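Biologist: I would like a close look at a single part of this chain. Please take it step by step, in plain words.

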Amino acid sequence: MELNKNLHIAITIITLLCAHECGSVLVIEMDNWNLASIPHNSININVTKLDLDKNHLTVLGMAEFSNYRKLRIIKLNRNDISSVDPKSFQYVPLRELYLDSNELTAVPLLATVKSTLQILSMNKNEQIQIV
């Protein structure tokens with residue numbers, strides 16, 4: 001069966017066997033889909049890892065990810081992101097945020113995820129200032 005890439009979302013459910021957290025991980029991979037905006041109507045609200053690498057996203061707006069209350073990892077590498085709203089990740093228990101190879105020159109403090117964020121990667125951007 002041939003699936004149209006634009007209509008199909010690759011969803012993988014993995015059962016975790018670990019000492020501290022057990023449950024299901026919902027991974028949504030939309031990398032290299034030519035996206036200019038985030039297709040919220042196509043993303044399951046229970047997503048835990050979201051891969052949006054290699055698209056054409058330019059701005060992360062206010063409360064962009066706030067409906068995804070289980071989201072732990074966001075990969076936004078190799079987009080055209082030049083702006084991140086300070087409240088883009090409000091209400092998200094984000095642990096890892098990857099913004100490598102974008103057009104960033106300034107990033108807000110991201111105070112809404114300061115208690116959960118463990119990895120923030122912003123390699124290969126312009127000289128970045130935290131504002």
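Predicted model: local features only at pLDDT ≥ 70, side-chain atom pairs only at ≥ 80, totals over all residues.

In which loop is the place of asparagine 55?

Modeller: Asparagine 55 sits in the loop that runs between strand E3 (49-51) and strand E4 (59-60). Its relative accessible area is 3%. The cut-off for buried is under 20%, so asparagine 55 counts as buried.

Now look at its side chain. The side chain of asparagine 55 reaches the backbone nitrogen of tryptophan 33, at 2.9 Å. A polar atom of that side chain also lies 3.1 Å from the backbone oxygen of aspartate 53.

Next, the neighbours. Leave out residues up to four places away in sequence, and asparagine 55 touches Met30, Asp31, Asn32, Trp33, Asn34, Leu35, Arg78, Asn79 and Asp80. Take aspartate 31 from that list. Aspartate 31 and asparagine 55 are 24 residues apart along the chain, yet their C-alpha atoms are separated by 6.6 Å.

Two other neighbours deserve a look. Asparagine 32 lies in the loop between strand E2 (23-29) and E3. Its phi is near 60°, a positive value in a residue other than glycine. Asparagine 32 counts as partly exposed, because its relative accessibility is 48%. Asparagine 34 is also found in the loop between E2 and E3. Its phi is near 65°, again positive in a residue that is not glycine. Asparagine 34 has a relative accessible area of 60%, so it is exposed. Asparagine 55 touches both of these residues, but asparagine 55 itself is buried.

Arginine 78 leads us on. Arg78 is among the contacts of asparagine 55, and Arg78 also touches aspartate 100. Aspartate 100 is placed in the loop between strand E7 (96-98) and strand E8 (106-107). What is the nearest side chain of opposite charge to aspartate 100? That is arginine 78, 8.0 Å away. A salt bridge needs the charged atoms within 4 Å, and aspartate 100, though buried, has none. The other contacts of aspartate 100 include Leu76, Asn77, Ser121 and Met122.

Leu76 takes us to the core. The largest nonpolar core has 28 residues. Those with the most contacts inside it are Leu60, Phe65, Leu76 and Phe89. Phenylalanine 89 touches Leu60 and Phe65, and its contacts also include Ile74, Val84, Leu94 and Leu97. Both phenylalanine 65 and phenylalanine 89 are buried.

The structure holds one aromatic pair. The ring centres of phenylalanine 65 and phenylalanine 89 are 5.3 Å apart and the planes are at 5°, so the pair is stacked. Phenylalanine 65 lies in the loop between E4 and strand E5 (73-75), and phenylalanine 89 in the loop between strand E6 (83-84) and E7, so the pair ties together parts that are 24 residues apart in sequence.

Finally, step back to the whole chain. It has zero helices and 10 strands. Of its 131 residues, 38% count as buried. Asparagine 55 belongs to that buried group. Among contacts between residues at least 6 apart in sequence, 32% join residues at least 24 apart.

Technical notes
Residues numbered from 1 in each chain as written. Heavy atoms only, no water. Helix = DSSP H or I, 4+ residues; strand = E, 2+ residues; numbered from the N terminus. Buried < 20%, exposed > 50% of the residue type's maximum accessible area, 1.4 Å probe, protein only. Polar contact = N/O pair within 3.5 Å; in protein donor to acceptor, adjacent residues only side chain to side chain. Contact = heavy atoms within 4.5 Å. Core = buried A, V, L, I, M, F, W, Y, C linked by side-chain atoms within 4.5 Å. Lys, Arg positive; Asp, Glu negative; His and termini not counted. Phe/Tyr/Trp six-rings, centres within 6.5 Å; stacked < 30°, edge-to-face > 60°.
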